Amino acid sequence: MHLRFDSAPAFHGEDSDEALLERVQRASFGYFWDGAHPHSGLARDRSGRTADPNNDLVSISGSGFAFMAIIVALERGWIKRRDALARFDAMVSTLEQATHYQGVYPHFINGRDGSTVPFSRLDDGGDLVETSLLFQGLLCVRQYLASQHAGSFDLRARIDRVWRAVNWSAHIKPGTNALYWHHSPKHEWARNVPIRGWNEALITYVLAAASPDYAIEPRIYHEGFAGNGAFANGREYYGVTLPLGPDYGGPLFFAHYSFCGLDPRGLKDRYADYWEQNCNHTRINYLHSVEKTHSNDCWGLTASHAPKGYAVSSPVSDMGLIAPTAALSSLPYTPYESMRALRHFMTLPQSRMAGRFGFVDAFAPARNWYARTYLAINQGPIVAMIENHRSGLLWELFMSAPEIRDGLRKLGFVSPHVSQV
């Protein structure tokens, strides 16, 4: 089932913005098409600049981004409908057969047999945030297929079954009013990570409130994630007010992962305007890099590969690493600055900066270091967020799901997508 993807042509400095964005998206999409696990079609956790890894490690969150990337490719005519449907079928089949924990998937699975691959000693069971990012993509597929009215009822019904099987309430640790990231049949709550404070997991609470069969009560969101407003910030950094979150905003994936499907435009609750939150967070990240490097073009701090392994970069933990996904996935928030970054990345040595799936995961300009790898969770938002900037496609699909609208309404959100009753 390993269908070849016609690799994107080389970048040219004279290309229009639209032409460049198309090529970046197509190249990054290749990670999820040519670079997918050969048996399941799900997303490998990571891959090399020139070759696939010799393992069966599949990322559950990365597979959520894969579903979104395939929608974009189908809508833009890069692949044929029959091929997309065949890939969706293989991916969903693997998920139906994979080991899960009351519907909650682990961080990693084996792409050949669906068994759990422990992330760490205590993290060998359900991972609720990874599962959330998976279902963000799956619900987009369900909604996209429903809009096509052509021979996909069975696939949509299968997606519905795995979606309805997730027992979100089972991840409320007894005696608490918060969702917890992990639960293990063997170690139970030993990992002990509550999902609270501003981070990448707003999508988890929205989906948990939206569940048709296992929905959480609104107080779990307000007391757990928001801490009744304790995640507020309100201070200025580089002259920009940050509504929520840690000082200087944290890594940029906070503004990306939940918002590949969840539309922040006009999304508000009692705590924040989420468009303002993401735009200001991104602006602070950009201004930090400008001040540190004296460059208007080379910026973007988030989580990525680094010379000594995986690292999380932010203005308060700046290791000199630039991850292309940070600026490129911020295109909806900082269109001018993100395009300047894209054109700057093209001026770097392409033999080291780019490979078969577009720009490599990260680089360190001062050390002349370039990753030789890609990460699913960084490639996926490039495709999704550029598409949201160009057409709003994934935002419209995700927000069209009636359960999502009901969940947002229940938690007290307002949005142009959500009618108030």
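In this note, two residues are in contact when heavy atoms of theirs lie within 4.5 Å. Please keep in mind that this is a predicted model. Here are the points I would look at with the structure open.

1. Let's start with helix 7, residues 218-225, whose buried residues are I220, Y221, H222, G224 and F225. What covers these buried residues? The cover includes helix 6 (202-210), helix 8 (274-293) and helix 14 (402-411). Just after helix 7 comes G227, with a positive phi of about 55°.

2. N192 is not a glycine, yet its phi is positive at about 55°. You will find N192 in the loop between strand 6 (182-183) and helix 6. Its relative accessibility is 40%, so N192 counts as partly exposed.

3. The other one is Y248, with a positive phi near 65° in a residue other than glycine. The loop between strand 8 (240-241) and helix 8 holds Y248. Why does Y248 count as partly exposed? Its relative accessibility is 29%, and partly exposed covers values between the buried limit of under 20% and the exposed limit of over 50%.

4. Now to helix packing. Two packed helices are described by the angle between their axes and by the distance between those axes. Helix 1 (residues 17-33) and helix 10 (residues 335-347) have axes that come within 11 Å and cross at roughly 70°. Helix 1 is therefore roughly perpendicular to helix 10, as angles of 65 to 115 degrees count as such. The crossing in which helix 1 passes helix 10 is left-handed.

5. Which residues make the contact between helix 1 and helix 10? From helix 1 they are D17, L20, L21 and V24, and from helix 10 they are M339, L342, R343 and M346. By class, this contact of helix 1 with helix 10 has 6 nonpolar residues, 2 charged residues and no polar ones.

6. While you are at helix 1, have a look at Q25, which sits in this helix. Is Q25 buried or exposed? With a relative accessible area of 0%, Q25 is buried. Leaving aside residues up to four places away in sequence, Q25 touches V72, R76, W78, V383, I386, E387 and R390.

7. The pairing of helix 4 (128-148) with helix 5 (153-164) is another one to inspect. These two helices pack at an angle of about 150°, and their axes are 9 Å apart. That angle makes helix 4 roughly antiparallel to helix 5, because angles over 145 degrees count as roughly antiparallel. The crossing of helix 4 and helix 5 is left-handed.

8. On the helix 4 side, F135, L138, L139, V141, R142, L145 and A146 meet L155, R156, I159, D160, V162 and W163 of helix 5. The contact of helix 4 with helix 5 divides into 10 nonpolar, 3 charged and no polar residues.

9. The buried residues of helix 3 are A84, R87, F88, A90, M91, V92, S93, T94 and L95. What do they pack against? Their partners are helix 1, helix 2 (60-75), strand 3 (108-110), helix 4 and helix 5.

Technical notes: Residues numbered from 1 in each chain as written. Predicted model: local features only at pLDDT ≥ 70, side-chain atom pairs only at ≥ 80, totals over all residues. Heavy atoms only, no water. Axes fitted to C-alpha atoms, helices over the stretch in contact; angles between N-to-C directions. Helix = DSSP H or I, 4+ residues; strand = E, 2+ residues; numbered from the N terminus. Parallel < 35°, antiparallel > 145°, perpendicular 65-115°, else oblique. Left-handed = near helix turned anticlockwise from the far one by under 90°. Nonpolar A, V, L, I, M, F, W, Y, C, P; charged D, E, K, R; others polar. Buried < 20%, exposed > 50% of the residue type's maximum accessible area, 1.4 Å probe, protein only.
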